[in-house]
Amino acid sequence: MIEQILTRKNLLQAMRQVQKNHGSAGVDHMPVTKLSELLSIDKETLTAEVRSGKYLPQPILGVEIPKGDKGGTRLLGVPVVTDRMLQQAVLQVMMARFEFEFSESSFGFRPNKSLHQAVLKAQGYINEGYQYIVDIDLKTFFDEVDHSYLLQLLYRKIKCPATLRLIRKWLRSPILIRGKLVKRRKGIAQGSPLSPLLSNVMLHELDRELERQGLRFVRYADDFSIYTKTKADARKIGNAIFKYLKDKLKLPINREKSGIRRPVNFTILGFGFVPTYVKGERGKYQLVVSDKSWRKLRQKLKIITKKTTPMSFDERIRKLNEVQRGWVNNFRMASIQKKTQRTGWMVTKPSSILYMASLEETRTEKEKPDPVGNRTGASLCVEPVSNGWLGHCSKSNPGNYYYCR
């Protein structure tokens, strides 16, 4: 298997994918743009070290990012670009061996699978009458994966000692947190190319157990839920799965965030559920955007439109358009029209702030060309339409800016 990984074609494909992802530099400060030079000069040395088992991965750079709107941080691991390229090369060969046996109810980080498919699957179960939902939250899953058990699972499909030895070295690589190297004896570096596949390999054991019991479930990475028809069944299944996760997979559960939910109190991947209120339809639910997702959107808009944010007017417009396009595309299946019409803040706040910012730039920068064609009094059009909060209206729209009078 190691020879398949180290072929010139596979390494070039891995290099292009890493460059396409535009990741930041690791502890060696080497940018992804230098990968082509590395591969052309040191390819033979690098591949020889990997084959012989002498290759030593460099430490991982730990980066803390904000975690949701309730405070706290999430630790991401950024390997150096050389390790990222090699991990991508391993991933491309390993994926073919594991993908075909993964569950149809697993949707995270898989080809031809998506978040929207997972949400629609959950909605389908709920509308079929499975409305007692076992919602289980794994506590810091990526930090709790047992290395020995994971390597045993990998050995079922990978018999190549050199490949397993390389993966073990990546799992054990120390992480640099605030200038201090920390040893790792469990957990997967969240942020490496190989981590999504390794997490699916680990949680595939959970999928197999749920399928063995004939249960209806949806899993997206470490986010999973089980759908039952009665509360008694939900309680019984929840206790059994809790015991399985604790004893077999050695994964702790966040008890505060786990429990038995009804559809109106349940959210999955940013979506919520409300009754349809259609005559003749009972027990049917439609998709809506969860309150947490609305708060995240408002927070992003506030940052972009805040007058103290050091950003030019054109940059604000570009950022605002990126956020709104991405948000609407992500929640295009949900019913959001009435919510956007009621939420006046979303219409007035961005347009008023950006209009004042444009006036301020006009006063400070003389003879600056007007992006809307030297028209006075132009402002951003943020008008709720049938499919959500979009930055355009039926009026003429010059250039690439969403303006109208």
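## Aromatic pairs and a cluster

Tyr227 counts as buried because its relative accessibility is 2%, where buried means under 20% relative accessible area, exposed over 50% and partly exposed in between, with a 1.4 Å probe and protein chains only. Phe266, likewise at 2% relative accessibility, counts as buried. The model is a predicted one, in which local features need pLDDT of at least 70 and side-chain atom pairs count only at pLDDT 80 or more, while totals for chains, interfaces and linings use all residues. Residues are numbered from 1 along each chain as its sequence is written, and side-chain values use heavy atoms, with hydrogens and water left out.

The structure holds eight aromatic pairs, a pair being rings of Phe, Tyr and Trp (its six-membered ring) whose centres lie within 6.5 Å, with planes under 30 degrees apart counted as stacked, over 60 as edge-to-face and the rest as tilted. One of these pairs is Tyr227 with Phe266, whose ring centres are 6.2 Å apart and whose planes stand at 85°, so the pair is edge-to-face. Because Tyr227 lies in strand E7 (residues 223-228) and Phe266 in the loop between strand E8 (259-261) and strand E9 (267-268), the pair ties together parts that are 39 residues apart in sequence; helices (H or I, at least four residues) and strands (E, at least two) are DSSP runs, numbered from the N terminus. Tyr125, Tyr227, Phe266 and Phe273 form one aromatic cluster.

Trp294 and Trp327 form a tilted aromatic pair, with 4.9 Å from centre to centre and 50° between the planes. This pair links distant parts of the chain, 33 residues apart, with Trp294 in helix H11 (residues 291-305) and Trp327 in helix H12 (residues 313-330). Trp294 counts as buried at 8% relative accessibility, and Trp327 is buried with a relative accessible area of 10%.

## Surroundings of Ser103

Ser103 is placed in the loop between H4 and helix H5 (115-127), and at 3% relative accessibility it counts as buried. The side chains of Ser103 and Glu211 are joined by a polar contact of 2.6 Å, a polar contact being a pair of N or O atoms within 3.5 Å, of which, within protein, one must be able to donate a hydrogen and the other to accept it, with residues adjacent in sequence counted only if both atoms are side-chain atoms. A polar atom of the Ser103 side chain also lies 3.0 Å from the backbone nitrogen of Ser105. With neighbours within four places in sequence left aside, Ser103 is in contact (heavy atoms within 4.5 Å) with Arg110, His204, Asp207, Glu211 and Phe217.

The structure holds two cavities of 30 Å³ or more, a cavity being a set of points, on a 1 Å grid over the protein atoms alone, where a 1.4 Å probe fits but cannot get out, with lining residues having an atom within 4 Å of a point. About 130 Å³ of space lies in the largest cavity. Its lining comprises 16 residues, of which Gln87, Trp170, Leu171, Arg184 and Ser192 lie nearest the centre. Helix H4 (81-98) and helix H8 (161-172) each supply at least two residues of this lining, and H8 gives the most, with three residues.

The second largest cavity has a volume of about 50 Å³, and Glu49, Val50, Gly53, Tyr55, Ala162, Arg165, Leu166 and Lys169 line it. Helix H3 (35-52) and H8 are the elements that give two or more residues to this lining, with H8 giving the most, four residues.

Notes. 1 Å grid on protein atoms, 1.4 Å probe; cavity = no way out; pocket = protein on both sides within 12 Å on 5 of 7 lines; lining within 4 Å. Points joined across faces, edges and corners; volume = space filled by probe spheres on them.
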